[in-house]
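Have the structure open beside you as you read.

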Amino acid sequence: MHLDTETLERLLHDELDPRRQTESRRHLDACPDCRERLADAGRREARIFGLFEELDHEPTAARLALPDSCPEPARKEPAWYRIAASIALVIAAAGLLYALPGSPLREWISRPGADGRGTGDVGAGRSEEVAGALSGLTVRSDGPYEIVFLARQSSGRIRVELTPSRDIQVRVAGEPVGLESGPDRLVVSNAGSRASYEIRLPADGPPIEILLNGRMVFRKQGDRVETASDLDPSGVYLIDLSSELR
Amino acid sequence: MSRTFSDLVAEVHAAHSASIFRFLDRLSGDPDLAADLAQEAFVRLYRRGTLPEKPDRWLVTVALNLFRNERSKERRQRGLRAAFPDDLTPGAGPSPSDRAESRSRRAEVRSALDRLSPRDRELLLLRAEGYSYRDLADMLTINEASVGTLLARAKRSFETAYEEARRAS
């Protein structure tokens, strides 16, 4: 039986896995028809791609230049009053939620780490870090989500815990920072801050990444967690905001 | 010394801007539009504040969406381009007959590409830029397992359209 079109194209573009590549090469050795089809496919593609060059215009420096006045990255884009208003809104909402009788927020703040998964036996260091939590944000996402810390800090840590909840929760301890959430990302404007953070992520659900200064420092996809940070005995990942993490 | 985000974007720009411009230029037939779309994609990368895992793929996807949004305007401009093909600048270079032949071939290739479905056109042009099957599948939202078959079909369609364009001219 001859090689099918998909296999021929994949051979041409080196897109076969090693096992199928070996099998296909073996077939080619014994089949002059398929050898000719592969060579013909290569010739025809080279001709087509060569014809595309007829369309090319000179990629002049002006055409390829970065925009003269590149806008600053997202952290500086929102006006200061929008950040301030966001913080005030978050604090007001948190205060209201905290004041409600039987508030889950109050319970959460008083017992950090003591929710669903039964990881109430958090270490003393953790309690110190989150004591005096000032603000936070809870979002829910059905698709991939990013939590973006715009800058490294001179000190501070992120504690990441996986929980059975479907919510993504971010709490800030220490200094207030700007939190801006969108449908697929939460941006933490933390330049110059020394705050620490506690992040709770759904153990199940879509992939979630934490980025620090443009670099991925934590990724959760399905059951798999990818990070260079430490995992403490209570199952909390500790990300140092002052290190050069990959 | 650690690199700033602007440094990272500049590196991405140095590595990929020529390829992204070429792809958009071939796709649109309009180098000015291609340059504008490429620049806008980089502006959006700045605004994003972080580098995606595969910046070139992200940029192409953004630029493609921008191009699709521009498509109605592009259709209006296509008529103008046909009426006033570029390369009209006089001066040194190929002889008038060579230039005429080159213009004719360019018009035939343009015509053949324009006759393809958008997916076939984008697939061929992105493959010509060397994107992997996985990248193509992600960027064009197609099944990775059938990228080879779709590519073969697109190439056949292009050959047919090109021969028709040659006969017509």
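Chain A contains seven helices and twelve strands. Of its 246 residues, 42% count as buried. When contacts in chain A between residues at least 6 apart in sequence are considered, 69% join residues at least 24 apart.

Please keep in mind that this is a predicted model. For chain B, the mean pLDDT is 85, and 82% of its residues reach 70 or more. One stretch calls for some care: over residues 83-92 of chain B, pLDDT stays under 50. For that stretch the model has seven contacts beyond four places in sequence.

Now to the place where the two chains meet. Chain B brings 55 residues to the contact, and chain A brings 44 residues. About 4,300 Å² is buried between chain B and chain A, with carbon and sulfur atoms giving 56% of that area. Which residues of chain B lose the most area to chain A? They are B:Tyr46, B:Tyr133 and B:Lys155, which together account for 14% of what that side buries.

Between chain B and chain A the count is eight salt bridges. One of them joins B:Arg48 to A:Glu146, where the closest N and O atoms are 3.0 Å apart.

Which helix of chain B gives the most to the side that touches chain A? That is helix 8, with twelve residues. Helix 8 covers residues 147-168, and helix 1, helix 2 (31-48), helix 5 (96-115) and helix 6 (118-128) of chain B also each supply at least two residues to that side.

| Residue class | Number on the side of chain B |
|---|---|
| Nonpolar | 24 residues |
| Polar | twelve residues |

Finally, a closer look at a single residue. B:His16 sits in helix 1 of chain B, which runs over residues 5-28. Is B:His16 buried, partly exposed or exposed? B:His16 is partly exposed, because its relative accessible area is 24%, and that value lies between the 20% and 50% cut-offs. In sequence, B:His16 and B:Val60 are 44 residues apart, while in space their C-alpha atoms are 9.7 Å apart.

Technical notes
Residues are numbered from 1 along each chain as its sequence is written. Chains are lettered from A and ligands numbered from 1 in the order in which they are written. This is a predicted model: local features need pLDDT of at least 70, side-chain atom pairs count only at pLDDT 80 or more; totals for chains, interfaces and linings use all residues. Side-chain values use heavy atoms; hydrogens and water are left out. Helices (H or I, at least four residues) and strands (E, at least two) are DSSP runs, numbered from the N terminus. Buried means under 20% relative accessible area, exposed over 50%, partly exposed in between (1.4 Å probe, protein chains only). Contact means heavy atoms within 4.5 Å. Buried area is the accessible area (1.4 Å probe) that two parts lose on being put together, summed over both. A salt bridge is a side-chain nitrogen of Lys or Arg within 4 Å of a carboxyl oxygen of Asp or Glu. Ala, Val, Leu, Ile, Met, Phe, Trp, Tyr, Cys and Pro count as nonpolar, Asp, Glu, Lys and Arg as charged, and the others, Gly among them, as polar. pLDDT is the predictor's confidence in each residue, from 0 to 100.
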